[in-house]
Amino acid sequence: MAVVFEKPKALANVPLHYCPGCTHGIAHRLVAQALDALDCADNTIGVAPVGCAVFAYDYFNCDMQEAAHGRAPAVATGIKRVCPESVVFTYQGDGDLAAIGLAEITSAAMRGENITVIFINNAIYGMTGGQMAPTTLVGQKATTAPYGRQLVGQGSPIRVSEMIATLDGATYVERVSLHDAANVNRAKRAVEKAFRRQIEKKGFSMVEILSTCPTNWGLSPVEALNYIIKEQMLPVYPLGVLKEE
Amino acid sequence: MAICRIDTSACKGCGLCVNACPKGILALDDHNLNAKGYPPARLTQAELCIGCAVCATMCPDCAITVER
Ligand SMILES: Cc1ncc(C[n+]2csc(CCOP(=O)(O)OP(=O)(O)O)c2C)c(N)n1
Ligand code: SF4
Ligand code: SF4
């Protein structure tokens, strides 16, 4: 018999602190699987965000650096320019990347920094207790939108991947989702491709991963996959490659 | 022949594997909580496992190992 699935080596052997069923854990595993597949963990430097993934620096068997809220792409830029032969990635939530850090991600993509960005879109601020994010769906409830996000006054969600794909500096942008095993496997291929392209010096790559926050969505982990991601997020955030060149 | 092993101490009882298993042979064990206080996933009919690893693919905590 052969092992068909086991914990990847690049994932540290410590329990993740995430809530039960939170798909941040799946996204972490996909990053680790990519580092294993490309055999590059020893030469990789990750940048952790502020948000629920703040402890990501403890979860990977590669070098890690913590950044101030939203500033991971700027920190990653500095690291990559000093260590151009290292594989450099950021792992950021949508509050981190699409709100306070929108300038940093936009500028890093504009400059065409040869880094990989793993963008976790769960349409809410998880760590701080469920406030509205720029990615929150119209009608979706948040502690700061108790009646649901209102189109008039609060606008409709930013589609970050579409926006970043308009920048010449971005060479690979794909949106994937974790709502079932087939999509997790698609996401796995996208994450690995983003890292491989960086190693091939093809420039800025970003994978947006639709992810859950069962705790702040007020749903069970299974309901979170079905009701929010599948039925409500997919129509607003269509999956697929937005740019590859 | 396939073997699906669940590290019940790492499990958080989220149920994503139970929901995903195409053979419907996983269940949360509400009667034997683990040290974290969660009802761990267990195989109800291990001999029916086909080793597809769909459960492990959906587990956020890497609590499942599959051999085939
Ligand atoms: C400068 C600064 N402003 C605000 C905060 C508070 N804060 C911490 S995490 C967070 C948002 C996190 O949301 P997201 O990036 O979507 O990650 P998630 O927790 O959902 O994974 C905010 C606003 C902070 N830590 N630092
Ligand atoms: S608060 Fe939400 S995003 Fe944060 S760990 Fe819990 S489920 Fe995941
Ligand atoms: S998916 Fe993992 S953590 Fe969730 S119930 Fe199954 S074994 Fe436990």
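The model is a predicted one.

Ten names make up the buried set of this helix: A181(A), N183(A), V184(A), A187(A), A190(A), V191(A), A194(A), F195(A), R197(A) and Q198(A) are buried in helix 7 of chain A. After helix 7 of chain A comes K201(A), which has a positive phi, near 60°.

### Chain A

Nine helices and eight strands form the secondary structure of chain A. For 245 residues the globule rule gives a radius of gyration of 18 Å, and chain A has 17 Å, so chain A is as compact as a globular protein of that length. Along the principal axes, the C-alpha atoms of chain A occupy a box of roughly 50 × 45 × 30 Å.

Of the contacts in chain A between residues at least 6 apart in sequence, 68% link residues at least 24 apart. As for charge, chain A carries 21 positive and 23 negative side chains, and 4 Å separates the centres of the two sets.

### Chain B

Chain B contains two helices and four strands. Read from the N terminus, the elements of chain B follow the order β-α-β-β-α-β. What radius of gyration would a compact globule with 68 residues have? The value would be near 11 Å, and chain B agrees because its radius of gyration is 11 Å. The box filled by the C-alpha atoms of chain B, taken along the principal axes, is roughly 30 × 20 × 15 Å.

In chain B, 58% of the contacts with a separation of 6 or more come from residues 24 or more positions apart. The side chains of chain B include 6 positive and 6 negative ones, with the centres of the two sets 5 Å apart.

### Burial and surface

| Chain | Buried residues | Accessible surface | Carbon and sulfur part of the surface |
|---|---|---|---|
| Chain A | 56% of 245 residues | about 9600 Å² | 54% |
| Chain B | 50% of 68 residues | about 3300 Å² | 52% |

Here a residue counts as buried when its relative accessible area is under 20%. By that cut-off, buried residues are 56% of chain A and 50% of chain B.

Technical notes
Residues are numbered from 1 along each chain as its sequence is written. Chains are lettered from A and ligands numbered from 1 in the order in which they are written. This is a predicted model: local features need pLDDT of at least 70, side-chain atom pairs count only at pLDDT 80 or more; totals for chains, interfaces and linings use all residues. Side-chain values use heavy atoms; hydrogens and water are left out. The radius of gyration is taken over C-alpha atoms; the globule rule is 2.2 Å times the number of residues to the power 0.38. Buried means under 20% relative accessible area, exposed over 50%, partly exposed in between (1.4 Å probe, protein chains only). Contact means heavy atoms within 4.5 Å. Accessible areas come from the Shrake-Rupley method with a 1.4 Å probe; for residues, only the protein chains shown count as cover. Lys and Arg count as positive and Asp and Glu as negative; His and the chain ends are not counted. The place of a charge is taken as NZ of Lys, CZ of Arg, CG of Asp or CD of Glu.
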